Amino acid sequence: MDLLNLQWEVIWNYRDMFIRGVGITLLLTLAGYCGGIVLGLMLGLGQVSTKKWIYWPCKIYVDLVRGTPMLVQLLIIHLALFPTIFGHSLGYLASGITTLVLNCAAYNAEIFRAGIQSIAKGQMEAARSLGLTHGQAMRKVILPQALRRMIPPLGNEFIALLKDSSLVMVIAAPDILYASKVIAGATFRPWEPYLFAAFLYLILTYTATKIIAFIEKRYSNSYIPRKAKGRLAR
Amino acid sequence: MIKIENLHKSFGELEVLKGIDYEIHEKQVVCVIGPSGSGKSTFLRCINLLEDITDGAIYIEKVKVNDPKTNINEIRAEVGMVFQQFNLFPHMNIIENVIMAPMQIRKMSRANAEALAHELLKKVGLDSKAYNYPEQLSGGQQQRVAIARALAMKPKAILFDEPTSALDPEMVKEVLEVMKNLALEGMTMIVVTHEMGFAREVGDRVVFMDGGYIVEEGTPDELFGNPRNDRTKAFLGKVL
Ligand SMILES: Nc1ncnc2c1ncn2[C@@H]1O[C@H](COP(=O)(O)OP(=O)(O)O)[C@@H](O)[C@H]1O
Ligand SMILES: [Mg+2]
């Protein structure tokens, strides 16, 4: 380490950029993820639809997005799609969030599809045989069961998105990684800013892992609420 | 009350039902017997359109079930179904299992639905388990809840698909007992079963299916006492 002669005060001097970077990273990730959940749920439901005109567009969308790099999607949206639609490029937030939502939705769609299909067929049949519509059966019977099984993969997807959000650096969105790049350029010191960026991502993913583990634990194994369990034990 | 005309059902190339004509009258208990793979479940599932019908027609109280204009959800609400694997909803406690459909579909208030549920759970002997979860119940208890759940929609008929086949022997009786009481109260029932004792005692008619056809049909005495068809004789020879 002596060899590198690390000077950590560089980080302190540029702390404002890092604070902003963390904010931007979190904003992009959270917005992308929330949008990705809503759109992903719709695409996932579309992929279990028996109606071909619903199934195929959803399936093709998901396969296209999952089959191409997010970096390519980001550049198409930022440099081609938005300028073509609006006549000029939109800011990094619009392009960044749009890309993250559209990308995350495709991966979440697969999680929703697999989760829904993992629920035994008999559950849907029992619900339908009582007279529930497909939508009612989904809402009351299938999704509440499937969602529990989706918690771990949805958590993984959040962490993947948190890390992948660093790609927005290429459209000059001032996130954590972009801050490091600017600082490295300005100070001619690559080690400290990039190491610190890695450290910040690590803290964020570690925190997210802990929160996900907590949620997972709460909803794992048994459907019986703890309250009801206590009542039985007594 | 339920009229089946020339019912055909194929899964791809495989024709499973090859032209079934049958009529079930109100308050009748019809037991369907036959070897495994003969199309008994498919027959039952066609009646409430869990399978779509390849050809033919089914009428429930003069309403053509497989008519595009018929609201299939309304039909299903009138015809209960009890499955071999119970299919209770594991994320709901017992009373929620029973009240969910009446509240969703009949727009019953929670208070009314719960009162009804307690009454039905008493009837199947499980009111004390109202706030337990399915996984805390034995198979026989779960199946009795499934019957209560079907009854909560006040159906005009109930279809049973081998309701005791997944049960340990000591639990078969408690479920058959509940079904027998339903029959005595005048519920219209179609029961696919391997319980020949039940078919003989409770059934008004017994239907023998084989190879996608109804081979023979009659009162329990006729069918068990004096089967005419050779295939019926062979089947009964094996199971009795
Ligand atoms: N969903 C399905 N797809 C393809 N074949 C099926 C399906 N359901 C049932 N079958 C076939 O139809 C035949 C009759 O099945 P079923 O009605 O379940 O008979 P049973 O209830 O009398 O044992 C069997 O050969 C079975 O393999
Ligand atoms: Mg069967």
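**Salt bridges and the A–B interface**

Trainee: The side chains of B:Arg144 and B:Glu174 meet in a salt bridge. What is the N to O distance?

Mentor: This is a predicted model, where local features need pLDDT of at least 70, side-chain atom pairs count only at pLDDT 80 or more, and totals for chains, interfaces and linings use all residues. Residues are numbered from 1 along each chain as written, chains are lettered from A and ligands numbered from 1 in the order written, and side-chain values use heavy atoms, with hydrogens and water left out. A salt bridge is a side-chain nitrogen of Lys or Arg within 4 Å of a carboxyl oxygen of Asp or Glu. For B:Arg144 and B:Glu174, the N to O distance is 3.1 Å.

Trainee: How many residues apart are B:Arg144 and B:Glu174?

Mentor: B:Arg144 sits in helix α5 (residues 139-151) of chain B, B:Glu174 in helix α6 of chain B. Helices are DSSP runs (H or I, at least four residues) and strands likewise (E, at least two), numbered from the N terminus. The pair links distant parts of the chain, 30 residues apart.

Trainee: Is B:Arg144 buried or exposed?

Mentor: Buried means under 20% relative accessible area, exposed over 50%, partly exposed in between (1.4 Å probe, protein chains only). B:Glu174, at 25%, is partly exposed. B:Arg144 has 11% relative accessibility, so B:Arg144 counts as buried.

Trainee: What area is buried between chain B and chain A?

Mentor: Contact means heavy atoms within 4.5 Å. In those terms, 27 residues of chain B touch 24 residues of chain A. Buried area is the accessible area (1.4 Å probe) that two parts lose on being put together, summed over both. Carbon and sulfur atoms give 60% of an area of about 2,200 Å².

Trainee: What is the radius of gyration of chain A?

Mentor: Chain A has ten helices and zero strands. The radius is taken over C-alpha atoms, and the globule rule is 2.2 Å times the number of residues to the power 0.38. The rule gives 17 Å for 234 residues, and chain A is well over that, so chain A is more spread out than a compact globule, at 22 Å.
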